Amino acid sequence: VIVLFKFTGAILITLSCTYMGFLAALRLKNREKSLAEYEGLILELKNRIIYDGREIAGLIAMIFPKDKLMLSGSDIEITDRFINGQDRRILEEFLLKLGTTEEAGETDRAQLCIEQLRIQRQKATLDYREKSNLYKTLGLCLGIFGSIIFI
Amino acid sequence: MNYNTQFDSALYGVPDRIRRYLQFLPEELKTRTEEIRLRAGLPVTLTVSGHPVFINNRGAACDFITRDLIISEQAEVNEAFLLLCKNSVYAHTEEIKNGYIIMNSGHRAGVCGRVVKEGMKDISSVNIRIAREVIGCANTLAERFDGGGILIAGPPGSGKTTMLRDTVRQLSDGIFDRFLRVAVIDSRGELSGSCKGQSVNNLGANTDVLLIEDKAKGAMMALRTMFPDIIAFDEIGTAVELESVSDCFNAGVAVITTAHIGDKSDLFRRSVTSALLKSGIISTVAVLSDRVSGQVEIYDIGELLSDSPF
């Protein structure tokens, strides 16, 4: 019974640590995906500012899904869970002055934001390539190490 | 139309701190308020029945300048500008280039600042002009419509636009058994209170609104495309507009318009109104007196021409 208990425990520890490693790697993948989505959405916002002429509140509600940006009163809230602090700062800076200038100013600022997000996405891609295997392996190793200690 | 609701709806363009003072003003004062003016570094001013009224930091209105008046800061004037644009300056560029912003509720805000190629920067003052829709104010005038043109003349703020709006509504709605197609040439969105294609003010069921800065061009466009019985626009003032009115008349379309004058004698002193009256296009003239007395005198053109010293 004790052996069976130890065996089951070791397997559970290994699996959970490996799963955590996978989750950490997935988070990197999701950040990259989120940034790509933001780029696309801001590009659409930029184009709609030029061709649609609707006010910001209407455009935000129409373009952005609720898990990306949300209007709360007169503020715009970033609701994405995967982007990091630096990505968030870039978006916040863009959103803070959104709608305060004429069309050319808005489109220039949107383009700047897209460029910055593209750089962040490239960094996220590199991060993913470098760290995803590391996190997965680290998770597995920690699991094995934990299992050995447990046994 | 509830005037106080109109006043309160105009407050969305006022920054929070100032709005808190204004929303608790006496209802009677709100009713008579025509404008809310915010100027950078200067006291918040309301125009009440044509006279400036200031608000002190206890929320009371006063007619003279004291030390405890609420001052609108530069940042607040900028904030008001952004609120009026609904944080979408790019969507109002054309209006801003012409010095105003049309508000959703039909009001109009004039803005002053540094004019640049793209619009306006460094906003220094904002004047929110509260739209007044007085249903029935043009009963007598609309009743006298005989198919000829109508000129509504009066000093600034006397209610010319309000009267024009109600005349259009009545003729368009067929109040006197005449359902007439009316094309309104609205150069600043003031007549229709139009915002994104939706008219806030009631201009009648048979009315088409053309929002265009150039009234003469707008009149020609409406004449050719909308086949109206009446073309109405605010503030005739140039020879080109006079020419377009003449073209409308020649096409069998009646024109209803307004003109700025000081008093009745100005009708023949000012070149455009004088030429308009002598042209035979206008058959009825309504002369409004200042906003305090609120009197309207209606004349047939023959009566006016025979009285004219010119």
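Before you start: residues are numbered from 1 along each chain as its sequence is written, and chains are lettered from A in the order in which they are written. In this predicted model local features need pLDDT of at least 70, side-chain atom pairs count only at pLDDT 80 or more, and totals for chains, interfaces and linings use all residues, while side-chain values use heavy atoms, with hydrogens and water left out.

**Stop 1: the interface**

Select chain A and chain B together. The contact (heavy atoms within 4.5 Å) takes 13 residues from chain A and 13 residues from chain B. The size of an interface is often given as the accessible area lost when the parts come together. Here the buried area (accessible area, 1.4 Å probe, that two parts lose on being put together, summed over both) is about 1,000 Å². Carbon and sulfur atoms give 56% of that area.

Now color the side of chain A that touches chain B. Helix H2 (56-63) and helix H4 (103-150) of chain A each supply at least two of its residues. Helices here are DSSP runs of H or I, at least four residues, numbered from the N terminus. That side of chain A divides into four nonpolar, four polar and five charged residues. Asp, Glu, Lys and Arg count as charged; Ala, Val, Leu, Ile, Met, Phe, Trp, Tyr, Cys and Pro count as nonpolar; the others, Gly among them, count as polar.

How many salt bridges are there between chain A and chain B? The count is zero, taking a side-chain nitrogen of Lys or Arg within 4 Å of a carboxyl oxygen of Asp or Glu.

**Stop 2: Ser88(B)**

Select Ser88(B), in the loop between helix H4 (74-84) and helix H5 (93-97) of chain B. Show its surroundings: Ser88(B) touches Glu55(A), Ile56(A) and Gly99(A), not counting residues up to four places away in sequence. A polar atom of the Ser88(B) side chain lies 2.7 Å from the backbone nitrogen of Ile56(A). Ser88(B) counts as buried because its relative accessibility is 0%. Buried means under 20% relative accessible area, exposed over 50%, partly exposed in between (1.4 Å probe, protein chains only).

**Stop 3: Leu25(B)**

Move to the loop between helix H2 (16-22) and helix H3 (27-32) of chain B, where Leu25(B) lies. At 3% relative accessibility, Leu25(B) is buried. Leaving aside neighbours within four places in sequence, its contacts are Phe7(B), Lys30(B), Leu46(B), Ile55(B) and Gly59(B).

**Stop 4: the cysteines**

Finish with Cys62(B), buried at 11% relative accessibility, and Cys248(B), buried at 1%. Over all chains the count of disulfides (cysteine sulfur atoms within 2.5 Å) is zero.

How values were computed: A polar contact is a pair of N or O atoms within 3.5 Å; within protein, one must be able to donate a hydrogen and the other to accept it, and residues adjacent in sequence count only if both atoms are side-chain atoms.
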